[in-house]
Amino acid sequence: MTKVLVLYYSAFGYVAVVANAIAEGARAAGAEVDIKRVPEIASAATAAEGSYFHAVQEVPVAKVEDLGNYDAIIVGSPTRFGRLSAPVAAFLEQASEPLSRGILNGKVGGAFASPTSRNGGHETASMSIITNLLYCGMIVVGPPYSAATIADAVGQRHPSALDLEGARQQGRLIAQTAQRLWGRGESGTAALEPSADPEAAETIEAIIP
Ligand SMILES: Cc1cc2nc3c(=O)[nH]c(=O)nc-3n(C[C@H](O)[C@H](O)[C@H](O)COP(=O)(O)O)c2cc1C
């Protein structure tokens with residue numbers, strides 16, 4: 001079965017709601033889906049002051065070693081200054097060693113983000129996630145409009161039915177693409193194996209002194 005990870009950070013729960021809808025869509029396409037959050041990097045005091053949405057924190061925390069187990073990874077973040085949030089960036093940076101070994105080469109990636117206004121920069125936030133996914137060797141698949149929901153400061157606004165349907169579509173599309181590229185047989189073994197390209201590694205060594 002195709003294995004999909006929906007990986008996110010969410011302080012107030014908005015990104016978490018979208019993550020669940022994306023997972024629903026991927027499951028509807030027949031994938032086995034895990035939802036995990038990246039570790040919190042704010043201090044407990046900061047999180048408490050900011051009224052962080054604690055239910056989110058019950059979601060399992062991803063480990064760097066998990067990443068290679070999936071055929072597709074869809075990464076979500078709140079929009080922070082028009083880009084991805086620091087906890088998502090920190091997690092990806094911590095994964096740089098296994099990523100440089102090519103564990104995600106050719107795997108399917110997707111991104112989503114939540115802003116507080118329609119022009120709050122969620123598309124640039126999604127693009128900033130996508131830059132990371134491309135760097136990891138992933139093939140990025142997205143609907144023309146990546147999944148998003150608009151947050152507010154007091155938790156009164158909720159994702160619209162259209163937001164959630166868009167998210168399900170994104171999950172379905174990515175799961176279907178991963179199935180075509182990485183379809184696992186009954187043994188659970190992927191048709192392809194990711195591998196670092198030795199020539200590319202030599203080139204990188206030549207570029208980075
Ligand atoms: C440090 C910081 C920077 C932010 N920058 C932006 C921004 O550039 N644009 C925007 O629309 N919202 C911005 N926000 C609001 C968050 O995007 C919003 O709280 C988030 O979408 C809520 O998602 P979550 O509930 O999953 O954390 C910012 C929030 C913080 C704490």
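**Figure 1. Bridge partners at the β4 position of the sheet.** In β4, Gly-109 is the bridge partner of Ile-73, and in β5 the bridge partner of Gly-109 is in turn Val-140. This view, like those that follow, is drawn from a predicted model. The strands β3 and β4 run parallel and are joined by 7 bridges, whereas β4 and β5 pair, also in the parallel sense, over 2 bridges.

**Figure 2. The open sheet and its strand order.** The 5 strands form an open sheet in the order β2-β1-β3-β4-β5, with parallel pairing. Its edge strands are β2 (32–37) and β5, each of which pairs on one side only. Strand β1 (residues 3–8) pairs with β3 in the parallel sense over 5 bridges, and within this pairing Val-6 has Ile-74 of β3 as its bridge partner.

**Figure 3. Burial of strand β4.** Strand β4 is largely enclosed by the rest of the structure, because 7 of its 7 residues are buried. Both faces of the strand are covered, with Val-108, Gly-110, Phe-112 and Ser-114 buried on one side and Gly-109, Ala-111 and Ala-113 buried on the other. For the protein as a whole, buried residues make up 40% of the 209 residues. Among contacts in the protein with a separation of 6 or more, 81% are accounted for by residues 24 or more positions apart.

**Figure 4. Helix α5 and the elements that cover its buried residues.** Helix α5 (residues 122–135) has 14 residues and reaches 20 Å from its first C-alpha to its last, close to the 20 Å expected at 1.5 Å a residue. Within α5, the residues His-122, Ala-125, Ser-126, Ser-128, Ile-129, Asn-132 and Leu-133 are buried. Seen down the axis of α5, these buried residues fall within an arc of 155 degrees, so they line one face of the helix. As background to this view, an α-helix has 3.6 residues a turn, so residues three or four places apart point the same way. The cover over the buried residues of α5 includes β3 (72–78), α3 (86–94), β4 (108–114) and β5 (139–140). After α5 comes Gly-137, whose phi is positive, near 85 degrees.

**Figure 5. Pro-115 in the loop between β4 and α5.** Pro-115 has its place in the loop between β4 and α5. Pro-115 and Ala-125 lie 10 residues apart in sequence and 8.7 Å apart in space, C-alpha to C-alpha, and Ala-125 is itself one of the buried residues of α5.

**Figure 6. The shell of residues around the ligand.** Of the 19 residues around the ligand, those that come nearest are Ser-10, Phe-12, Val-15, Pro-115 and Gly-120. Pro-115, which is shown in this view as well, belongs to the loop between β4 and α5. Helix α1 (residues 14–28) gives the most to the shell around the ligand, with 3 residues. Sorted by class, the shell has 9 nonpolar, 9 polar and 1 charged residues.

Key: Residues numbered from 1 in each chain as written. Predicted model: local features only at pLDDT ≥ 70, side-chain atom pairs only at ≥ 80, totals over all residues. Near = placed C-beta within 6 Å. Helix = DSSP H or I, 4+ residues; strand = E, 2+ residues; numbered from the N terminus. Nonpolar A, V, L, I, M, F, W, Y, C, P; charged D, E, K, R; others polar. Expected span 1.5 Å × (residues − 1). Buried ≥ 20, exposed ≤ 12 C-beta atoms within 10 Å, placed from the backbone. Arc of directions from axis to C-beta. Contact = placed C-beta atoms within 7 Å. Pairing = 2+ DSSP bridges.
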